[in-house]
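Welcome, and thanks for taking a look at this one with us. Please have the structure open as you read.

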Amino acid sequence: MRINKPYRTMISVPGNKGKMHAKAAASNVDVIMLDLEDSVSADQKEAARRTVIDSLLSLDFNAKRVNLRINSLDTPFAYKDLIQVAEAAGDHLDTIVVPKVNHEGDIHFVGRLLNGIEMALGQTRQIRIQACIETAQGLAQVNEIAQGDSRISSLSFGIADYQASIGAGLVSLSGHGENEEQVYPGHRWHFPISRMVMAAKANGLLALDAPYGNFTDADGLKKSADLAKALGCDGKWVIHPDQIDTVNQVFTPSTEEIQRARQILQAADDRSRGAVAVDGRMVDQATIRIARRVWDQAVFLGQV
């Protein structure tokens with residue numbers, strides 16, 4: 001997996017809204033996802049592809065990653081999304097986001113189709129794949145999906161479609177994470193997110209949390225992002241520019257985390273020891289690995 005840029009926030013932008021593409025390019029988001037799926041009506045799919053291609057070829061995305069979410073593979077739109085956009089502007093795409101992945105064959109299909117497109121065009125840089133885990137079937141097959149193709153670099157959780165898949169109740173207008181405490185005494189999506197994270201990390205992939213639907217609720221957004229980080233997610237989808245800074249902050253190591261990591265790593269400079277003492281507390285090799293990950297992330301983000 002190539003990780004050469006941050007992946008804390010990925011904003012979903014409707015593919016048929018060119019002005020929104022330019023605004024996303026000027027924002028502080030890490031990744032822009034141009035969406036051809038849920039945010040685009042059926043009669044706008046073809047126009048959205050043209051708008052996406054135009055944006056990819058003409059806009060300065062300020063060195064951000066740019067992803068494309070195609071329609072799900074059980075629709076008549078997905079194959080055209082992939083072929084038309086990748087052939088016209090594949091050099092400008094980082095990742096194809098595949099929604100509602102239920103089987104590793106879905107990822108294998110997308111990977112083989114991209115192989116043919118890139119061979120035909122003589123492209124040497126591979127487009128990566130992100131698999132969206134949004135159904136009970138997809139979660140049951142998540143480890144196999146994570147191994148579905150060498151291009152796969154990340155998994156992401158789709159909260160609303162997953163709720164529909166398992167028949168869970170709708171407790172908010174958006175169905176994207178609000179009002180959960182009214183129906184469940186804890187984190188209602190702890191298991192599916194943890195299961196997805198486990199499959200991602202076991203296969204060297206990134207794991208991304210679902211978006212939070214109420215973009216006017218900053219406290220709810222921060223809580224949702226905090227929980228995702230605690231479960232091992234590397235970042236979170238966002239649906240509005242006002243959500244970017246909050247989520248970026250959550251997934252950026254704090255000054256206290258960096259100082260703690262530095263202290264642990266300095267005390268553990270002799271890696272032959274099984275454990276060391278820091279301020280009267282035992283720190284073993286597992287703790288050292290956590291500290292190293294925090295430190296490496298801080299270096300990656302230019303904080304140290």
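This is a predicted model: local features need pLDDT of at least 70, side-chain atom pairs count only at pLDDT 80 or more; totals for chains, interfaces and linings use all residues.

In outline, 8 strands close into a barrel with parallel pairing, and the largest nonpolar core has 63 residues. The largest pocket holds about 610 Å³ of space.

**The barrel**

- Going around the barrel, the strands follow the order E1-E2-E3-E4-E5-E6-E7-E8. From one strand to the next, the twist averages 25°.
- Strand E3 (residues 65–69) pairs with E4 in the parallel sense, over 3 bridges. Across this pair, Arg69 stands opposite Val97 in E4.
- Strand E4 (residues 95–98) is covered on both faces. Thr95 and Val97 are buried on one side, and Ile96 and Val98 are buried on the other.
- Strand E5 (residues 128–133) runs parallel to strand E6 (residues 152–157), and 5 bridges join the two. Here you will find Cys132 opposite Ser156 in E6.

**The nonpolar cores**

- In soluble globular proteins, nonpolar side chains tend to be buried together.
- Within the largest nonpolar core, the residues that touch the most other members are Ile32, Leu56, Ile96 and Leu155.
- Leaving aside residues up to four places away in sequence, Ile96 touches Leu68, Ile70, Leu82, Val110, Leu114, Ile127, Arg128, Ile129 and Gln130.
- Another core, of 12 residues, lies apart from the largest one, and its members include Ile258, Ala268, Val283 and Ala298.

**The largest pocket**

- The lining of the largest pocket is made up of 26 residues. Lys201, Leu206, Asp234, Arg293 and Gln297 are the ones that lie nearest its centre.
- Helix H12 (residues 285–300) gives the largest share of this lining, with 7 residues.

- Most residues other than glycine have a negative phi.
- Which loop holds Asn62? Asn62 sits in the loop between helix H2 (45–58) and E3, and its phi is near 55°, a positive value in a residue other than glycine. Asn62 is partly exposed, at a relative accessible area of 44%.
- Ala63 is also placed in the loop between H2 and E3. Its phi is positive too, at about 65°, although Ala63 is not a glycine. With a relative accessible area of 59%, Ala63 is exposed.

Methods:
Residues are numbered from 1 along each chain as its sequence is written. Side-chain values use heavy atoms; hydrogens and water are left out. Two strands pair if DSSP finds at least two bridges between them. Helices (H or I, at least four residues) and strands (E, at least two) are DSSP runs, numbered from the N terminus. Axes are lines fitted to C-alpha atoms, for helices over the stretch in contact, and angles run from 0 to 180 degrees between N-to-C directions. A nonpolar core is a set of buried Ala, Val, Leu, Ile, Met, Phe, Trp, Tyr and Cys residues joined through side-chain atoms within 4.5 Å. Buried means under 20% relative accessible area, exposed over 50%, partly exposed in between (1.4 Å probe, protein chains only). Contact means heavy atoms within 4.5 Å. On a 1 Å grid over the protein atoms alone, a cavity is a set of points where a 1.4 Å probe fits but cannot get out, and a pocket is an open set with protein on both sides within 12 Å along at least five of seven lines; lining residues have an atom within 4 Å of a point. Grid points are joined across faces, edges and corners, and a volume is the space filled by probe spheres set on the points.
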